[in-house]
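Dear colleague,

I am handing over the structure we spoke about, and my notes on it follow directly below.

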Amino acid sequence: MQDLAGRLGAKVDALEFEWGKPVEPEKVKEQLAKGPYSLVAIVHAETSTGVLNPVQAIGDLIKESGALYLVDCVTSLGGMPVTMDAWGADALYSGTQKCLSCPPGLAPLSFSDKALDKLKGRKNKVPNWYLDLSMIMNYWEGHTRAYHHTAPINMVYALYAAQRCVLDEGLAAVHARHREMHERLVRGLENMGLRMYVREEYRLPMLNAVTVPEGLDEAGVRSRLLREHAIEIGAGLGPMAGKIWRIGLMGHTARAANVDKVLSALAACM
Ligand SMILES: Cc1ncc(COP(=O)(O)O)c(C=O)c1O
């Protein structure tokens with residue numbers, strides 16, 4: 001986000017927090033007081049570490065500041081409640097390939113009236129054709145519909161089918177299944193003597209960060225899992241490289257048979 005915004009000419013102040021810990025609302029409050037800011041951006045479900053960020057608490061702070069609030073829900077949508085309006089979020093984006101279990105390629109988006117007013121009030125053109133929402137809005141719903149791009153119709157059908165699967169099962173049931181499968185995985189890992197990297201109160205259900213035991217060849221275990229069991233788990237990123245494994249339980253894969261399979265395969269490879 002920081003890189004993207006910087007490339008578009010934004011001046012960005014980034015707040016850094018320890019990997020594996022959530023954003024601290026107090027620090028956000030202090031930073032907001034140094035504003036004004038046009039936009040505050042946060043990741044809801046942090047895929048690099050398995051941390052859930054307090055998007056509601058941050059939203060409450062931003063309401064008073066006048067900034068727009070952008071929330072990345074790439075990993076959360078379809079796996080846990082995403083309540084944009086309650087958070088006071090003005091812009092939200094997600095992906096199709098995580099808890100919606102759809103092929104990658106589209107980014108579901110949503111905007112508040114405040115965000116749309118800001119967009120409509122622009123004095124100059126959006127400096128990126130493909131992300132020019134003023135043109136895309138015309139393409140979607142303009143009175144005189146104007147061409148913007150050729151829609152990836154196969155993807156639109158795929159997303160429609162993926163959403164239908166979620167709604168057939170029921171949104172609340174889908175969220176509960178992610179939570180139950182996460183608990184099943186954590187129980188199994190702890191029975192094997194492994195420890196979760198993230199504290200329980202802000203652990204994500206769909207991305208499970210596991211501390212690699214001291215002295216174990218973590219990359220060797222991952223490659224055996226892939227080679228011998230056709231299971232891929234994620235490596236640690238940045239400062240977590242070599243220290244954690246990241247086990248995804250997203251969408252269709254968040255099922256008891258898969259949890260049991262990864263547990264027994266992991267035990268065999270270790
Ligand atoms: C939280 C989060 N945001 C953004 C992205 C980027 O999504 P994409 O790869 O679809 O561009 C990812 C990808 O894994 C992610 O986990």
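Which backbone oxygen does the side chain of His-175 reach? It is that of Met-80, at 3.3 Å, which falls under polar contacts (a pair of N or O atoms within 3.5 Å; within protein, one must be able to donate a hydrogen and the other to accept it, and residues adjacent in sequence count only if both atoms are side-chain atoms).

Please keep in mind that this is a predicted model, in which local features need pLDDT of at least 70 and side-chain atom pairs count only at pLDDT 80 or more, while totals for chains, interfaces and linings use all residues. Residues are numbered from 1 along each chain as its sequence is written, and side-chain values use heavy atoms, with hydrogens and water left out.

His-175 counts as buried because its relative accessibility is 15%, where buried means under 20% relative accessible area, exposed over 50% and partly exposed in between (1.4 Å probe, protein chains only). Leaving aside neighbours within four places in sequence, His-175 is in contact (heavy atoms within 4.5 Å) with Gly-78, Gly-79, Met-80 and Pro-81.

As for the ligand, the residues that surround it (a heavy atom within 4 Å) include Val-43, Ala-45, Val-74 and Gln-97. A polar side-chain atom of Thr-47 lies 2.4 Å from a ligand oxygen atom, an N or O atom in the side chain of Lys-98 is 2.5 Å from an oxygen atom of the ligand, and a polar side-chain atom of Asp-72 lies 2.6 Å from a ligand nitrogen atom.

Best regards
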